[in-house]
Amino acid sequence: MTNLTKDFFYSLSQNKLLNESAKKWGFKFGADKFVAGTDLNSVTRTIKKLNRYGISGTVDNLGEFVSDREEAMRTTNNIIRLLNRINEENLDCHVSVKLTQLGLDIDEQFCIDNMRKIMEAASKFGIFVNIDMEDYSRYEQTLRILQTLREEFENVGTVMQAYLYRAEEDLEQLKDVRIRLVKGAYKESEAVAYQSKAEIDRNYLKLAKKRLLGDAFTSIATHDHNIINELKAFIKENNISHDKFEFQMLYGFRTELQYNLAAEGYRFCTYIPFGTDWFGYYMRRLAERPQNINLIVKDVFYD
Ligand code: FAD
């Protein structure tokens, strides 16, 4: 895929008008393959199905870049409702949240207050909360909020993006924190991030190995079979306990590989997005993977 096509989908992912309009459209362009329904009942069915195969979930009540206080508060309540559901139905999963869905762009303290409400509910039920990492303009705020929350709560962690030059240094500060390691989904400048796949992959492997030799839990989040195979060999060679890490992939991606890794005895966790706010999430997936664009063509011409 050309950089132009990538740029096109990245810019769509951040277009406020389209993100808003898409909430009313219902799923379009094949998004339903990657989003587990619009409501709590649909996502509950998906989690239960995965749990039957020994796969846990990290559930994302979709939403981002919220600029309205009421909406951020509604989202906070929806996430608390999700936590209640996980507890009532004893589902094997935790939740993933984005700080911009909780009002980060409105006011940092307001966002912390919303996060605190979520953390209180999650702590009561013993459920882990992951703060997804968004684009670099929110990176330092995200790490700062994580540190604030960690003064009160243990069951919170975040994501590190291997495309960032500073990832290794920052992971040193996060040695005791549960971390999901990803390559990075946003378009960042070369002032802060590696641009080539080879450099990002090299850094990913370096960081993953370092984490696996450390003490805290790591989620190895990638669909890249080359990376997964190299890490499986590393885990075996170094006799690393399977309780110290899990593999993670997105719902709808490489499903067979997800089931295979779980069947091989690795801890496996699927990232399960749900809700009406699917547009930005789906456009980023299209920017990453050209093959998915075929789904749009099918949806537009054959449905
Ligand atoms: P890629 O570099 O996209 O793919 C590597 C190779 O793997 C490809 O060349 C191909 O051979 C193979 N491959 C990949 N996908 C497929 C497929 N569907 N079918 C067949 N082969 C395939 N990013 C953030 O910035 N913040 C986050 O909080 C965040 N959370 C994430 C959570 C999870 C669970 C996952 C899996 C990703 C998350 N991401 C996040 C996205 C991530 O940063 C990458 O953009 C995304 O995962 C694509 O990179 P990749 O590691 O999967 O490998």
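For 303 residues, a compact globule would have a radius of gyration near 19 Å; the chain has 18 Å, which agrees. The radius is taken over C-alpha atoms, and the globule rule is 2.2 Å times the number of residues to the power 0.38. The model is predicted: local features need pLDDT of at least 70, side-chain atom pairs count only at pLDDT 80 or more, and totals for chains, interfaces and linings use all residues. Residue numbers start from 1 along each chain as its sequence is written.

Along the principal axes, the C-alpha atoms fill a box of roughly 50 × 45 × 45 Å. Of the 303 residues in the chain, 39% are buried. Here, buried means that 20 or more other C-beta atoms lie within 10 Å of the residue's own; exposed means 12 or fewer, and partly exposed lies in between, with C-beta atoms placed from the backbone. Contacts require C-beta atoms, placed from the backbone, within 7 Å. Among contacts between residues at least 6 apart in sequence, 71% join residues at least 24 apart.

The secondary structure comes to twelve helices and eight strands. These elements are DSSP runs numbered from the N terminus: helices are H or I with at least four residues, and strands are E with at least two. UniProt lists residues 44–289 as "domain: Proline dehydrogenase" in an unreviewed entry. UniProt positions follow the numbering used here, feature names are shortened, and annotations may be inferred rather than shown by experiment. Over residues 44–289 the chain is 47% helix and 17% strand. The end C-alpha atoms of this stretch are 27 Å apart.

Eight strands close into a barrel with parallel pairing, in the order S1-S2-S3-S4-S5-S6-S7-S8. Neighbouring strands of this sheet are turned by 30° against each other on average, direction ignored. Axes are lines fitted to C-alpha atoms, for helices over the stretch in contact, and angles run from 0 to 180 degrees between N-to-C directions. Strands count as paired if DSSP finds at least two bridges between them. Strand S6 (residues 218–221) pairs with strand S7 (residues 245–250) in the parallel sense, over four bridges. Thr218 has Phe245 in S7 as its bridge partner. H8 packs on the sheet and touches S4, S5, S6 and S7. The direction of H8 makes about 160° with that of S5. Strand S3 (residues 129–131) runs parallel to S4 and is joined to S4 by three bridges. Asn130 stands opposite Gly157 in S4.

Burial was examined for individual elements. Five of the six residues of S4 are buried, so S4 is largely enclosed by the rest of the structure. Helix H11 (residues 279–288) is also largely enclosed by the rest of the structure, because eight of its ten residues are buried. The buried residues of H11 are Phe279, Gly280, Tyr281, Tyr282, Met283, Arg285, Leu286 and Ala287.

UniProt places the feature "binding site" (unreviewed entry) at Met133, Gln161, Lys183, Gly184, Ala185, Lys197, Thr222 and His223. Gln161 lies in strand S4 (residues 156–161). Gln161 is buried, with 27 other C-beta atoms within 10 Å. Beyond neighbours within four places in sequence, Gln161 is in contact with Met133, Ala167, Val182, Lys183 and Gly184. Gly184 is in the loop between strand S5 (179–182) and helix H8 (197–213). Gly184 counts as buried, with 21 C-beta neighbours inside 10 Å. With neighbours within four places again set aside, the contacts of Gly184 are Gln161, Ala162, Tyr163, Leu164 and Ala193.

Phe65, a residue other than glycine, has a positive phi near 50°. Phe65 lies in the loop between strand S1 (55–61) and helix H4 (69–88). Phe65 counts as partly exposed because it has 19 C-beta neighbours inside 10 Å. Asn239 is not a glycine either, yet has a positive phi of about 55°. The loop between helix H9 (225–237) and S7 holds Asn239. Asn239 is exposed, with 6 other C-beta atoms within 10 Å.

Definitions and conventions
Two residues are in contact if their C-beta atoms, placed from the backbone, lie within 7 Å.
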